[in-house]
Amino acid sequence: MNHFITVMLMIRADGEKKMPALLIFQEKNGQIPNLVRERLNIPENVIIKSNKSGYISDQILNDYLRTILRRENQLLIYDQAGSHKTIMISNAISDLDATKIVIPGGCTKYLQPLDALVIANFKSKTTDFRIKFQTEQIERRSKRTGNLKALDRQQLINIASKAWDAVSPQLVRKSFELTGSYGVNHPKIFSHQVNMKKLII
């Protein structure tokens, strides 16, 4: 059985703190069967959700934010996805004492830090781990007959977990730098003095 999933990644600008990767499985009845879910081994760097579409919804995003974020001053950078702009998400961000910036339409590839390098690197690593798994599967079946099995939920979870763990802090920082977004302690912020009088109109 083939499984369709959506993955959402969130990470701090310094690259040192990765939030658990959010994996959303497409399930015919909206939920992973209880007996299946009980057998899943879910790593700490992954959170599993499911619905009928396999895409992120504002309810899933709301639950995710309230699970992973602490009440502290945080700036969240979002693109124009519909689930990012609902009242439910605005309320969640407000409750968490966070601030949301929504990237203007058509500017995501220029201003979304994770789109610069992180997501492409994550996808590359998931492909590498998938190919490695399937190669090992072929070798085990070299003396057998029958078709190769599609990746099951646990295997997809394991691949996503390993790929997310393999994304380096250095690459994350570079991705933020390429889009002009820096953590508050980034040296470039303090590399020159700003004349505040010139900024006041």
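## Close-up views of the predicted model

**View A. At a relative accessibility of 27%, Arg-173 counts as partly exposed, whereas Glu-16, at 53%, counts as exposed.** The classes are defined by relative accessible area: buried is under 20%, exposed is over 50%, and partly exposed lies in between, with a 1.4 Å probe and protein chains only. The model shown is predicted; local features require a pLDDT of at least 70 and side-chain atom pairs a pLDDT of 80 or more, while totals for chains, interfaces and linings use all residues. Residues are numbered from 1 along each chain as its sequence is written, and side-chain values use heavy atoms, with hydrogens and water left out. The side chains of Arg-173 and Glu-16 meet in a salt bridge, at 3.2 Å from N to O. This pair links distant parts of the chain, 157 residues apart, with Arg-173 in helix α7 (residues 169-178) and Glu-16 in the loop between β1 and β2. A salt bridge is a side-chain nitrogen of Lys or Arg within 4 Å of a carboxyl oxygen of Asp or Glu. The structure holds four salt bridges.

**View B. Glu-27 and Arg-153 form a salt bridge in which the closest N and O atoms are 3.0 Å apart.** Glu-27 belongs to the loop between β2 and α1 (34-39) and Arg-153 to helix α6, so the pair ties together parts that are 126 residues apart in sequence. Glu-27 counts as buried, at 5% relative accessibility. Arg-153 is buried too, with a relative accessible area of 13%. Side chains of opposite charge can pair when their charged atoms come close.

**View C. Three strands form an open sheet in the order β1-β2-β3, with mixed pairing.** The strands β1 (5-8) and β3 (46-51) stand at the edges with a single partner strand each, so one side of each is left without a neighbour in the sheet. On average, neighbouring strands of this sheet are turned by 20° against each other, direction ignored. Strands count as paired if DSSP finds at least two bridges between them. Strand β2 (residues 21-26) and β3 run parallel and are joined by six bridges. Ala-21 stands opposite Val-46 in β3, and Leu-22 stands opposite Ile-47 in β3. β3 is mostly covered, five of its six residues being buried. Helix α6 (residues 153-166) lies across β2 and β3 and runs at about 155° to β2.

**View D. Helices α2 (residues 58-68) and α3 (residues 87-95) pack at an angle of about 5°, with their axes 9 Å apart.** The axes are lines fitted to C-alpha atoms, for helices over the stretch in contact, and angles run from 0 to 180 degrees between N-to-C directions. The two helices are therefore roughly parallel to each other; angles under 35 degrees count as roughly parallel, over 145 as roughly antiparallel, 65 to 115 as roughly perpendicular and the rest as oblique. In α2, Asp-58, Gln-59, Leu-61, Asn-62, Leu-65 and Arg-66 meet Met-88, Ile-89, Asn-91, Ala-92, Ile-93 and Asp-95 in α3. The residues of this contact comprise six nonpolar, three polar and three charged. Here Ala, Val, Leu, Ile, Met, Phe, Trp, Tyr, Cys and Pro count as nonpolar, Asp, Glu, Lys and Arg as charged, and the others, Gly among them, as polar. Contact means heavy atoms within 4.5 Å. The buried residues of α2 are Ile-60, Leu-61, Asn-62, Tyr-64, Leu-65 and Ile-68; they pack against β1, β2, β3, β4 (74-78) and α3.

**View E. A salt bridge joins Asp-95 to Arg-66, with the closest N and O atoms 2.9 Å apart.** The pair links distant parts of the chain, 29 residues apart, with Asp-95 in helix α3 and Arg-66 in helix α2. Asp-95 counts as partly exposed, at 37% relative accessibility. Arg-66 is likewise partly exposed, with a relative accessible area of 38%.

**View F. Asp-97 has a positive phi of about 60° although it is not a glycine.** Most residues other than glycine have a negative phi. Asp-97 is found in the loop between α3 and β5 (98-102) and is partly exposed, with a relative accessible area of 39%.

**View G. The protein has eight helices and five strands.** Helices (H or I, at least four residues) and strands (E, at least two) are DSSP runs, numbered from the N terminus. From that terminus on, the elements run β-β-α-β-α-β-α-β-α-α-α-α-α. Buried residues make up 36% of the 201 residues in the protein.
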